[in-house]
Amino acid sequence: MNDTLIRYIEEELLGGEQSIAAEDDLLSSGLVDSLAIMRLISFIEQEYSIKVPPQDMTIEHFISVDAISNYIKSVKVS
Amino acid sequence: MVYWLPQTIEASAGKFPEREAFICSDRSLNYGELFLQTNQLAQLLAELGVRKGDRIGIYMHRCLETAVAIHGIMKAGAAYVPLDPHAPPARTRILLQDCGIRVVVTIPGHRMALKKVVDEPEQTGLSHIIGLKEEWGIPTIPWEAVFQLPGNQTPGVNILGSDLAYIMYTSGSTGMPKGIMHTHNSGLAYAKLSAALFGLNEHDRIGNHSPIYFDISTLGYFTAPLVAAATVIVPEAYTKMPASLAQLIATTQMTVWYSVPLALIQLVQSEALDSLDMSALRWVLFGGEPFPTKHLRTLMELWPGARFSNIYGPAEVNQCTYYHVPAPPETNAAIPLGRTWDNTQGMIIDEQDEPVSEGETGELLIRSATMMHGYWKQPELTRRSLFKRTADHGVEEIFYRTGDLVKKDAEGNLVFLGRKDRQIKVRGYRVELDEIVNRLLQHDAVEEAAVFPVKDVAGQWVIHARVTAAPGMPITETVLSEYLQEYLPRYARPEKITISASIPRTAAGKINHQELQETTTNPGNP
């Protein structure tokens, strides 16, 4: 799951110019802006057939690829 | 007596040294510490040879160090110039050169982005970078070293209220960004007027959502120190996660909020507001672009204990009008700009520069204590932006031409009707559409270019471009969008560039923007 997310972020959101690691802080560094986050969320919803409700859009869930993977897994289980 | 901006910190530190001045994430500075640290930075700048009138860049996003940098630079007698770490490196280099910036203040977190700007140090003209450890052919001074300097005294620079305090860059229609120059007088006039209008005092906690290159940030950075209030700087991550932002407003007990409408709309849509205690929040200010009334109504119903005000004013005058929204609006009619505030004169004029009759539409001119000094090194542009007349007593009155078309409604409130030129607001950012046109035309393979805005499903402006290729020069959309990426910030780049055989023109031979808008199907709105 991490690899798919990293590939999407690198290729679609960062224009293939930058590589990231699963633990990198996506939000504080300015790596991705708020529009890119919205695109990332729609990608996650399609790719993993889940719905991300607005109240789940928190820093804890989206700070890094690791955090996003954990979040998706927790939604899938429940 | 307080007549230049950092004196506000000295006065507040004298009265309330222990009170929090700036808060960001789990770090904060009280007024005593802020007084000390700004002295230390000013001391260092003086040692580096910075003199009165020099320009110093601040390459930072929302963080605690912005407060030290802004007031430390001004204490040294220099003007601060906010630089956006998200901007393309080429654009930042243009600003560094245009403004003759030799020293930049930053934080280690922006190391990678700054590295791209100073790839070739000799081209940027920088002599020092403050806030980094490693050197790239340019000497650096880390923050740790700054905070070891003696800081009990402010350097003895003779600063007058009419001296330059800061320069904020904005989109320029020629393709070159323009620097809006403000003095200590205009900055302090804003601080005093806003403190009085919103009754701010040392018990307030002001939520600052805006980056420092937006004039909205001056409420947190100038007004709060004047009244010894605390400013909560919203960290970068919170601006992207509305549900977390809602929690931050509640847990930090913000009493006053000021941002562009979009941040508030996202809060409403986060559906996270019901469960939180927002009882401390007494006043919500919004500005930068119109707030869609239906969203404002929802927010006002969610926060019945808070007052809401629409703030209007181009960065050239910072703020000039306000409208206190009396109750959740019953219709979806646009929220008025309201009335000019104290120490300010508004005048509506027609195409011949003559005042319009009562209730007629025209361009709004503003004369105020908060008005800019002019555009940096652009006397001709400054001259064209001003309207001057000599009163009977022989003294010249200088008005700023806002370019905004307004009229006065029956209640005497100003109502915004559109722009006189081709400037639009994208998520609160000012964009001159002709800056994009000029940038496209500078590409060798571009023959003609048209840039026009289209509304998306959410009613927000989206920029489109139509281009024809120069003879024998094949061009693709990808090449052009990569080219624009080098020069334009993200918000100013077209969402879609179409390569086409021709561009529709009016009978007079002008580009037919109306036809372009009407025939463009927005991808988000099939």
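I began with the charge-over-ring contacts, and found the charged end of B:Arg19 over the ring of B:Phe16, 5.3 Å from its centre; a charge sits over a ring if NZ of Lys or CZ of Arg is within 6 Å of the ring centre and within 35 degrees of the ring normal. I also noted the charged end of B:Arg439 over the ring of B:Tyr487, 4.0 Å from the ring centre.

The model is predicted, so I kept in mind that local features need pLDDT of at least 70 and side-chain atom pairs pLDDT 80 or more, while totals for chains, interfaces and linings use all residues. Residues are numbered from 1 along each chain as its sequence is written, chains are lettered from A and ligands numbered from 1 in the order in which they are written, and side-chain values use heavy atoms, without hydrogens and water.

B:Tyr80 and B:Tyr166 are stacked, because their ring centres are 5.4 Å apart and their planes stand at 20°. I then checked burial (under 20% relative accessible area, exposed being over 50% and partly exposed in between, with a 1.4 Å probe and protein chains only): B:Tyr80 is buried at 1% relative accessibility, and B:Tyr166 is buried at 1%.

I recorded a second stacked pair, B:Tyr429 with B:Tyr491, at 3.8 Å centre to centre and 10° between the planes.

Methods: Phe/Tyr/Trp six-rings, centres within 6.5 Å; stacked < 30°, edge-to-face > 60°.
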